[in-house]
Amino acid sequence: LLDEAFKFVEEMPIQPNSVIWRTLLGACVNHNHLALAEKVKEWITELEPHHDGDYVLLSNAYGGVGKWVEKAGLRNSMRENRITKEPGCSWLHIDQTIHEFVSGDNSHPQWKEISKFLDSVIDTVKVGGYTPDTSNVLHDIQEEEKEHSLGYHSEKLAVTYVLLYHRDRRTIRVIKNLRICYDCHSFMKHVSGIFERDIIIRDRNRFHHFSNGSCSCRDFW
């Protein structure tokens, strides 16, 4: 009911803020309603023109349907307006120590061990039904490269660290600065079921509690 939602927001008795429009933008991207996503993005730009997440969401939508020229144009617009994408970071607090993980970054002292074990975890959950969702990878690259890019998202590294070095910990708590992507969301559901862990991730939008192969958000966030 995206068109009805758009009309509802337009006719609100108070002026909708950027958060309301951004929520609708996320829904448009979720349901591949690209035309409406573009209209919603125009409203957001008037209210909050320098929010990197809005550009990334619309860029995801373009990439999902193979509109690489439009995606490139959006990226050029980001550069012209000096808008940079915030890198994905995740944090763990274990034994009074904070561990930080950055997507694609190998500066963590145990990087080699974590990345090697993460590869084995991915292989294990694939057997259990996990299929990497590459629809939101922003680059026009081969499918195998997309899977590799997704594999090193910060929340995957954080959870893998706990699985490797704190095997007796039944609940894993992670804080992330960005919205969790569809692939990591699917990955966490499978890990929670196969490895019998409760995984709680606080992303930019909400809490996700993964347990026994499902999430508290019921796959809508």
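This is a short tour of one protein chain, stop by stop, for you to follow in your viewer.

Before you start, note that this is a predicted model, where local features need pLDDT of at least 70, side-chain atom pairs count only at pLDDT 80 or more, and totals for chains, interfaces and linings use all residues. Residues are numbered from 1 along each chain as its sequence is written, and side-chain values use heavy atoms, with hydrogens and water left out.

**Stop 1: the whole chain**

Show the chain as a cartoon. You will find 9 helices and 6 strands; these are DSSP runs numbered from the N terminus, with helices (H or I) of at least four residues and strands (E) of at least two. Turn the model around: the C-alpha atoms fill a box of roughly 55 × 35 × 35 Å along the principal axes.

How does the radius of gyration fit a compact globule of 221 residues? Such a globule would have a value near 17 Å, and the protein chain has 18 Å, which agrees. (The radius is taken over C-alpha atoms, and the globule rule is 2.2 Å times the number of residues to the power 0.38.)

Of the 221 residues, 47% count as buried. Here buried means under 20% relative accessible area, exposed means over 50%, and partly exposed lies in between (1.4 Å probe, protein chains only).

Contacts also tell you about the fold. Among contacts with a separation of 6 or more, 62% are between residues 24 or more positions apart, a contact being heavy atoms within 4.5 Å.

**Stop 2: Arg-22 and its partners**

Select Arg-22, Glu-48 and Asp-54 and show their side chains. Side chains of opposite charge can pair when their charged atoms come close. These three residues are linked in a network of salt bridges, where a salt bridge is a side-chain nitrogen of Lys or Arg within 4 Å of a carboxyl oxygen of Asp or Glu. The structure holds 6 salt bridges.

Look at the pair Arg-22 and Glu-48, with the closest N and O atoms 3.3 Å apart. Arg-22 lies in helix H2 (residues 18-30) and Glu-48 in the loop between helix H3 (34-47) and helix H4 (52-64), so the pair ties together parts that are 26 residues apart in sequence.

Next, follow Arg-22 to Asp-54, where the closest N and O atoms are 2.5 Å apart.

Glu-48 counts as partly exposed, at 28%.

**Stop 3: Asp-52**

Stay in helix H4 and select Asp-52. Asp-52 is buried yet has no salt bridge; Arg-204, the nearest side chain of opposite charge, is 4.5 Å away. (Lys and Arg count as positive, Asp and Glu as negative; His and the chain ends are not counted.) Beyond its neighbours within four places in sequence, Asp-52 is in contact with Ile-83, Thr-84, Lys-85 and Glu-86.

**Stop 4: helix H9**

Select Asp-183 and Lys-156. They form a salt bridge, with the closest N and O atoms 2.7 Å apart. The pair links helix H9 (residues 182-194) with helix H8 (residues 154-165), 27 residues apart. Asp-183 counts as buried at 2%, and Lys-156 is buried at 0%.

Move along helix H9 to Phe-187. Is Phe-187 buried or exposed? At 1% relative accessibility, Phe-187 counts as buried. Leaving aside neighbours within four places in sequence, its contacts include Leu-118, Val-121, Tyr-130 and Lys-156. Phe-187 and Tyr-130 are 57 residues apart in sequence and 6.6 Å apart in space, C-alpha to C-alpha.

**Stop 5: two loop residues**

Most residues other than glycine have a negative phi. Select Glu-196, in the loop between H9 and strand E4 (198-202): its phi is near 55°, a positive value. Glu-196 counts as exposed, at 57% relative accessibility.

Finish at Asn-212, in the loop between strand E5 (207-211) and strand E6 (214-215). The phi of Asn-212 is near 55°, a positive value in a residue other than glycine, and at 71% relative accessibility Asn-212 counts as exposed.
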